[in-house]
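Okay, thanks for coming, everyone. Let me put the structure up, and then I'll walk you through a few parts of it.

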Amino acid sequence: MVTIHGLHDKLVKGELSAVELTKAYIARKDAVEPQVQAFLSDNREFALEAAAAVDKKIAAGEAIADLAGVPGAIKDNICIKGQYATCASKMLKNFKSPYNATVIEKLMDVDYVSLGKTNMDEFAMGSSTENSAFQITHNPWGLDYVPGGSSGGSAAAVAAGECVWSLGSDTGGSVRQPAAYCGVVGLKPTYGLISRYGLIAFASSLDQIGTFTNDVEDCAIVLNAVAGHDAKDSTSIPQAKKDYKQALVNDVKGMKIGIPEEFFGEGLDAECRKALDEAIETYKKLGAEIVPVSMPHVKYGIAAYYIIAPAEASSNLARYDGVGFGLRVEGKDIVDMYIKTRSEGFGPEVQRRILLGTYVLSSGYYDAYYLRAMKVRTLIKHDYDEALKQCDVLLTPTAPDTAFKIGQNSGNPLAMYLGDVCTVTLNLAGLPGLSIPCGYKNGLPIGMQLIGKALDEETLLRAAYTFEQNRTDLRKPLPMGEVEL
């Protein structure tokens, strides 16, 4: 398995140059991208320039950051100055960002290399990346299957070996669920740990930028690069800079791991349950204490989420009116122009959520739906607080089953929404969650979700790292073959 930390050692020792490494990943991308379709744009010129600058630093004897020169990718709802930021929507098809997101500024500080922007569900609304206006991304473990969503392009790019790491965004599971489906490590940090400045908004109180990597150490490396307070984001949490690599300790003796019964009931696939039970046994053998916990209100999570998220989306997406930027379809008057622009610019899922969100915020329905959902959100947050008083981390499935076939749920929005049952409550509570592979079913990866206390990513990383180090039987070669370096 190719990792950031492994490649960093090779770059520092002079066994490989950053330009050679980048060219190898460009060749890999060219070879597999027609099958996977993970990328919406190609950034090879920038990537080679950035790689050459890293080589220059190494030649001059300068120290380089862990992430320097290692090829990655960025989800297409994160702004990079001068590059397209389409959100996989016709509405923003020709929009070039005039500024950098804060995460991009932070990545520039560590000499990042990006091969391009990745595909996604339009405006991050979806769980399969089938809602992109431009193309459907395929799961590298089975090309007939979805990679998950909405950050399916970012997850598939790492799993296919088209890049070594990537950034996505997670509003209700959009990093963790595709990480589970594609057999990679996906982290949604605490809300406010990573700046949202320059992340194109879906639901502002739920959105959070997250990471995709091949292992837990790489996860800590990318988190080190992008985490930190940002004055441009009013929801960013001020705190001292941490080195998350310090948390990578192979030891869970005495750690209390909570098992919420509500996540293991009806709807969880039997083989996924078996893989999770084996993971729990692994932790027991390593000296962790397993603590059963109950979270009675999480069963209302999907209902609350699919009121709150569309409500925020209907507000955030009101700006796409054909006046300021993005698509404009001419009409006989300004109202006709609004209607035609939004009807042609937004796909069916985005339109569905705008309609739903506008409805629940409308006079006479606000109290019955939105206000009640916000009260349920508070109860869910309380459930998590109470459960995490009894333990250090919680262990749940990331999804009720492995990836489904392309087209299987596209005509059934409700079935698609129910697939998010294990992930949405974490966004409602603002807590960190990490998905890590814990088994396979018919050749497709099964994901395990670890949930931590707010701003305690260290314990989460330690629990995941220990599992990974002690379950080497789960490490498989990349599904489309290893990258030739």
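So, overall size: a compact globule of 485 residues would have a radius of gyration near 23 Å, and this protein has 21 Å, which agrees. That radius is taken over C-alpha atoms, and the globule rule is 2.2 Å times the number of residues to the power 0.38. Along the principal axes, the C-alpha trace spans about 65 × 50 × 45 Å.

Quick housekeeping. This is a predicted model, where local features need pLDDT of at least 70 and side-chain atom pairs count only at pLDDT 80 or more, while totals for chains, interfaces and linings use all residues. Residues are numbered from 1 along each chain as its sequence is written, and side-chain values use heavy atoms, with hydrogens and water left out.

The protein has 15 helices and 10 strands. Those are DSSP runs numbered from the N terminus: H or I with at least four residues for helices, E with at least two for strands. Of the 485 residues, 61% count as buried, and buried means under 20% relative accessible area, exposed over 50%, partly exposed in between, with a 1.4 Å probe and protein chains only.

Now, the inside. A nonpolar core here is a set of buried Ala, Val, Leu, Ile, Met, Phe, Trp, Tyr and Cys residues joined through side-chain atoms within 4.5 Å. The largest one has 151 residues, and Leu107, Phe123 and Trp165 touch the most other members. Helix 9, residues 301-316, gives this core its largest share, nine residues. Apart from it there's another core of six residues, including Val146 and Tyr181.

Next, strand 5, residues 208-213. Is it enclosed or open? Six of its six residues are buried, so strand 5 is largely enclosed by the rest of the structure. Gln208, Gly210 and Phe212 point one way, and Ile209, Thr211 and Thr213 point the other.

And the neighbours? Two strands count as paired if DSSP finds at least two bridges between them. Strand 3, residues 165-170, pairs with strand 5 in the antiparallel sense over six bridges. Strand 4, residues 185-188, is also antiparallel to strand 5, over three bridges.

Last stop, helix 10, residues 334-345, where you'll find Ile334. Ile334 has 48% relative accessibility, so it counts as partly exposed. That's my tour, thanks!
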